Amino acid sequence: MQQVFSIPKSIKQNSTFTFCPGCDHGVAVKLIAQIIDELNIQEDTIAVASSGCSVLLYNFLDVDCIESPHGRACAVATGIKRAHKAQGNNKFVFTYQGDGDFASIGLAESLHSALRGENITAICINNTNYGMTGGQLGPTTAMGQITTTSQSGRNKEYHGFPIKTAEHIALCDGTSFSARVALYDVKNIVNAKKQIKKAFEYQKKGLGFSFVEILSTCPTNWKLSPQEAHKKIEDELTKIYPLKVFKDVEND
Amino acid sequence: MSHIKIDSSKCKSCYLCVDVCPKKLIKKSETIGKTGNCVVEFDDKNSQCIGCAQCAMVCPDMAIVEVYR
Amino acid sequence: MSEKVLLKGNIAIAKAALNCGCSCYFGYPITPQTEIGEYLSAKMQEKKLAYVCAESEVAAINMALGASSTGAKVMTSSSSCAVALMQEALSYAASDELPIVLVNVMRAGPGQGYIFPSQGDYNQATVGGGNGDYKTIVLSPSSVQECADMTYKVFYLAQKYRNPVILLVDGLLGQMAEPITIKDNPYPNIDNSSWILNGAKNRASRKIHSLEPNPSILEERTLKLHQKYLEIEKNEVDWEEYNCENADYIITAFGSMARIAKSVADYYKTKGLNFGVFRPKTLYPFPYDRLRELSKKTKIFFDVEMNLGQMHKDVCQAVSQNSQIFFIGKPAGEWLKQDEIIKAIDNIFEGQYATSI
């Protein structure tokens, strides 16, 4: 008999996730830790956490970590990657951001990092609202979706349209990899891990900006059970935000 | 004998593992956890666990800490 | 390295930065500091150092924030209204204890203003535009030579105190050429191995953060920062005195205005009046104690600034209550000339006090 699952080495000992019950953030952090273990990069990794629930990453992941001002994670990661390169070191640098951080307040920093082909990886948790502040309308809130600042549902007259982040990033010439994944069932979790790992590997190969958008639940603010939230992703959100690899320089 | 180990101090009672177990070996226990709901327990009297680790994969809190096959 | 070269202030800063090992520069163009980025772009790419033409000043300072976490010597430069954009990251960097060097070659404000020389950012630099209890060390050169010399010093102080440091340069100095000597960097390197982020190899992982949900830890951390600022105030305050001992009148001025103030003092000497000039070289920490001491003998002060009285409040705070302080200044546009200052002082002597020209 062999052990087929254990807590990843790159998770801090005795750490307990402080995300809400059923929140997909926990699964995403676990996948990242597993991939860091598998690629054996724990000692070379510098993670950039951002504002919102994703900042909690640094309490759980056992790698060097810096918190970025809201939206600036890709700029901070750029500085870290380039500064180490100037000193002759090749470090593994990735950001862990929410959709508000990556695609609203930080869109300029995110897009320009992709355009420069900055050799970093960005992971964006898209839960279609501002989670930590209680579920307000964000850049990815779906048309018709009710939030605390779109109480009769998002409509184009008041709020305009949501952004399809992975598609936009795929359009940048400096992007090596851009994909959208989900975590609502085992099959998708397995696929998410595969795509995140590929994004990490592309950075290791020096191919440029790699990006994975993770469609995630926010059961607390969606006011759904974890099960209902997963069903919402499967039935509704994947129709708006298709799960797909939008750019893959090694396989396109 | 395949089995899992649960750290119930980490369980937040989302029950995603209960739904995913193909053999229905994880269930609500009598113990109240930190969210005020019953934490899960592993109940495999007939040694049906196949060690597929799907429960560990979906658990967002890494409360399923070990899986053996 | 000892021969004289004719350099603009901006180029002197860029050369000195390279000389003392600045390996990362991130910037966005804005007059009157653009030559710093232009000069460094060529030199740094040649040496395979980190140089990014950032998409905004916000991105530039945040790249600097990330780069400084690696222990590298990091610089960004900008001007007034664009330095305003950087205030958030400065507050973060102070909280995170990250050594960033920011050169602000001032232009006229408020708002976009124009590219005229100005000293309008004294408040922005010394009081800070970011949130919370934090301080940035601020140095103010008054010659191109000092632009170079103080560049060495700001890198040193940033590393020594793990704090953002601002080199606050008048637009006049950034654009003015003077013969200077680029000396060797006189300051030692500071060991930063205990805190930098370079991968958790053979040590515990580190996290650099400002978010702190525990109130007592947040309070403790802010008090620790405050202790550091007190230490800086004790150790690093610096100023220049020009005939201040036994002066009957002292002109207080910083940056390029202090040079004009010296000419004014020389003029009054020919009229038989004892004028001195007191110039803070560090705007934070401000030399309150020395100025207070001088005010025991000198009872009349003229504070001259190319703004509407920003350092003035620090001068007022410093000098004794028995002293009189007259403010002479004007907002940026045409700069304040020697004869205008003399006229203003003469008017004050004749009892016609005006707060600005």
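In the predicted model, eleven residue pairs are in polar contact between chain A and chain B, both residues of each pair being at pLDDT 80 or more. The elements of chain A that each supply at least two residues to the side touching chain B are β1 (3–6), α1 (25–39), α7 (186–204) and α9 (226–240). Of these, β1(A) provides the largest share of that side, namely four residues. By class, the side of chain A that touches chain B comprises 16 nonpolar, ten polar and one charged residues. The count of salt bridges between chain A and chain B is zero. In total, 27 residues of chain A are in contact with 28 residues of chain B, and the area buried between the two chains is about 2,200 Å², with carbon and sulfur atoms giving 66% of it.

Two pairs of chains touch, and the most contacts are found between chains A and C. Here, 35 residues of chain A are in contact with 39 residues of chain C. About 2,700 Å² is buried between chain A and chain C, 58% of it on carbon and sulfur atoms. A:E43, A:D64 and A:E67 supply 22% of the area that chain A buries against chain C, more than any other three residues. Two salt bridges are found across the interface of chain A and chain C. In a salt bridge between A:D64 and C:R203, the N to O distance is 2.5 Å.

Polar contacts between chain A and chain C amount to 17 residue pairs, with both residues at pLDDT 80 or more. On the side of chain A that touches chain C, two or more residues are given by each of β2 (45–49), α2 (57–60), β3 (64–67), α3 (73–86) and α5 (107–115) of chain A. The element giving the most to this side is α3(A), with nine residues. The residues of the side of chain A that touches chain C divide into 13 nonpolar, eleven polar and eleven charged. Chain B and chain C, by contrast, do not touch, and their nearest C-alpha atoms are 20 Å apart.

Chain C itself contains 13 helices and 15 strands. Its radius of gyration is 21 Å, close to the 21 Å given by the globule rule for 357 residues, so chain C is as compact as a globular protein of that length. Taken along the principal axes, the C-alpha atoms of chain C fill a box of roughly 70 × 50 × 40 Å.

Chain C is divided into domain 1 (4–235) and domain 2 (240–349). The centres of the two domains, taken over C-alpha atoms, are separated by 28 Å. Their contact takes 33 residues from domain 1 and 23 residues from domain 2. The two domains of chain C bury about 2,300 Å² between them, with 57% of this area on carbon and sulfur atoms. C:Q119, C:Y122 and C:S142 supply 32% of the area that domain 1 buries against domain 2, more than any other three residues.

Three salt bridges are found across the interface of domain 1 and domain 2 of chain C. In the salt bridge of C:R259 with C:E178, the closest N and O atoms are 2.5 Å apart. Polar contacts between the two domains of chain C number 20 residue pairs, both residues being at pLDDT 80 or more. The elements giving two or more residues to the side of domain 1 that touches domain 2 are α6 (122–126), β6 (137–139), α7 (144–161), β7 (165–170), α8 (171–175) and α9 (215–235) of chain C. By class, this side of domain 1 has 18 nonpolar, nine polar and six charged residues.

Several backbone features of chain C lie in loops. Most residues other than glycine have a negative phi, and most peptide bonds are trans. C:G109 and C:P110 are joined by a cis peptide bond with omega of about -5°, and C:P110 is found in the loop between β5 (100–106) and α6 of chain C. The peptide bond from C:Y284 to C:P285 is also cis, with omega near 0°; C:P285 is found in the loop between β13 (282–284) and α11 (288–294) of chain C. C:K48, a residue other than glycine, has a positive phi, near 55°, and is found in the loop between α2 (34–46) and β3 (50–53) of chain C.

Note on methods: Residues numbered from 1 in each chain as written. Chains lettered and ligands numbered in written order. Predicted model: local features only at pLDDT ≥ 70, side-chain atom pairs only at ≥ 80, totals over all residues. Heavy atoms only, no water. Domains from an automatic or database assignment. Contact = heavy atoms within 4.5 Å. Buried area = accessible area lost by both parts, 1.4 Å probe. Salt bridge = Lys/Arg side-chain N within 4 Å of Asp/Glu carboxyl O. Polar contact = N/O pair within 3.5 Å; in protein donor to acceptor, adjacent residues only side chain to side chain. Nonpolar A, V, L, I, M, F, W, Y, C, P; charged D, E, K, R; others polar. Rg over C-alpha atoms; globule rule 2.2 N^0.38 Å.
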